[in-house]
Amino acid sequence: MDLTHQPWNLSAEELAKLDQRYIWHPFTQMAAWCAEDHEPLVLASGKGARVTDVQGREYIDGNSSIWTNIHGHQHPKITAAMREQLDRMAHSSFLGLTHPNAAVLARELVTRAPGDKLTKVFFSDNGSTANEVSLRMALQFRAQREEDTRTQFVAFDQAYHGDTVGAANLSGIPLFTHPVAGPFPPVTRVADVDELLTLGPDFANTVNAAIIEPLVQGPAGIRPWPKGMLRRLADWCEEHGVLLILDEVLTGFGRTGTLFACEQENVVPDFLNLAKGITGGYLPLAVTLTTDQVFEAFLGGTDRTFYYGHSYTANPVGCAAALASLEVFDEEAVLENLQPKIAELSRALANLEGLLQIGEIRQCGFLAAIEVSGITPEGRELAETNQLGAAVCRQARDFGLLTRPIRNAVILMLPLCATNEEISAACAAIGQAVIRY
Ligand SMILES: *Cc1c(COP(=O)(O)O)cnc(C)c1O
């Protein structure tokens, strides 16, 4: 049996049948997925900001392949760097060993990180683990410094930090976390910095670290924080000796208009957690950047070692992709070219404002969410069950846009390489979809 070629010789229908028989999908109600009338979309290839399904239909990749893709699919520079590394070795251990790509990538990340206190890079595989690493480092840091009173974490309502149990318990979206919600780590959740400030200095002295998605909460539905909020949080942390953890898993690598979101409020955290866009969206890789202060608390005997590390940590092909992606940022002046695209996105979103079916539109840099409101009687019913966004995204496929909703918000997050034409076509597709849903 030719297992390497078989997947490409099967029809869309045959592949869908196999999937529905054998696979359990993430963030997916499998009863609906496996229903008779559901036809799973089977993607075959991508090029630039577009993806193509096995039947040859092309779509604009409206959520950057679940928020990961930065420079487009099949960028020649990134695929070449990955091939070159594959010709040497696909994977090697990072436990007690190192390799060239990781060493250079770590230097590049430290060089590009804001400020000069983020000096050490700890590798892992995804956003959840990048956050989990900072959580465990913060816990062990306090223990080794015998700061026993700093027993809890500050996190924000509607935050999302990942799906592992620790990261989930730092999150504040009950729909996602209720099955594992538990007492560890101890968290005081606040709505905003104003509420945090009401808790007073006695409370502050009990806090280990505060964690936040800077500038904008992504999985809450692209909800920007008020200007200056991150700066105020950083000042509070500084004043009270609280560690600041920034979850830039989504916002990192240009999404908000700067390489890292925290640059916009001149904030340098104690932990900078990066994942999704780090490889340009090509392979799973993540890093937790931290300071000499944290690093040095772990030096000494084996009881001070940080016993954490996954099998595929710092995968060399992933590191090759990450290095190539940084090079593309430089060579193609990606951040400079992004500014006019952000303006184009604002213009294209403004065109949707008049439509009856559309509610609030939120934008932060190159990220956008379009709230859909039920105008028709059927629509209202859908709105109450939070299915309206999904219905609109389903319709948008017919107009050449592929994306996913969060509740009733259609998320629009294009790769940074998207052209002005693709930006306006994506917004127009949403307009056509809401009229028809
Ligand atoms: C996606 C995301 C995560 C989790 O990353 P995974 O790679 O999916 O584990 C954490 N925080 C934020 C803000 C995210 O958007």
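## Salt bridges in the predicted model

The structure, a predicted model, holds 18 salt bridges. Side chains of opposite charge can pair when their charged atoms come close.

| Pair | Closest N to O distance |
|---|---|
| Arg107 and Glu108 | 3.1 Å |
| Glu371 and Arg223 | 3.6 Å |

In the pair formed by Arg107 and Glu108, Arg107 is exposed, at a relative accessible area of 51%. Glu108 has a relative accessible area of 18% and is buried, because buried residues are those under 20%.

Asp194 is partly exposed, with a relative accessibility of 45%. Arg232 also counts as partly exposed, at 37%.

Glu371 forms a salt bridge with Arg223. Glu371 belongs to strand β14 (residues 367-372) and Arg223 to strand β9 (residues 223-224), so this pair ties together parts that are 148 residues apart in sequence. Glu371 is buried, at 18% relative accessibility, whereas Arg223 is partly exposed, at 34%.

Salt bridges with shared partners also join Arg107, Glu108, Arg112 and Asp330 into one network. The exposed Arg107 and the buried Glu108 are thus both members of this network.

Conventions
Residues numbered from 1 in each chain as written. Predicted model: local features only at pLDDT ≥ 70, side-chain atom pairs only at ≥ 80, totals over all residues. Heavy atoms only, no water. Salt bridge = Lys/Arg side-chain N within 4 Å of Asp/Glu carboxyl O. Buried < 20%, exposed > 50% of the residue type's maximum accessible area, 1.4 Å probe, protein only. Helix = DSSP H or I, 4+ residues; strand = E, 2+ residues; numbered from the N terminus.
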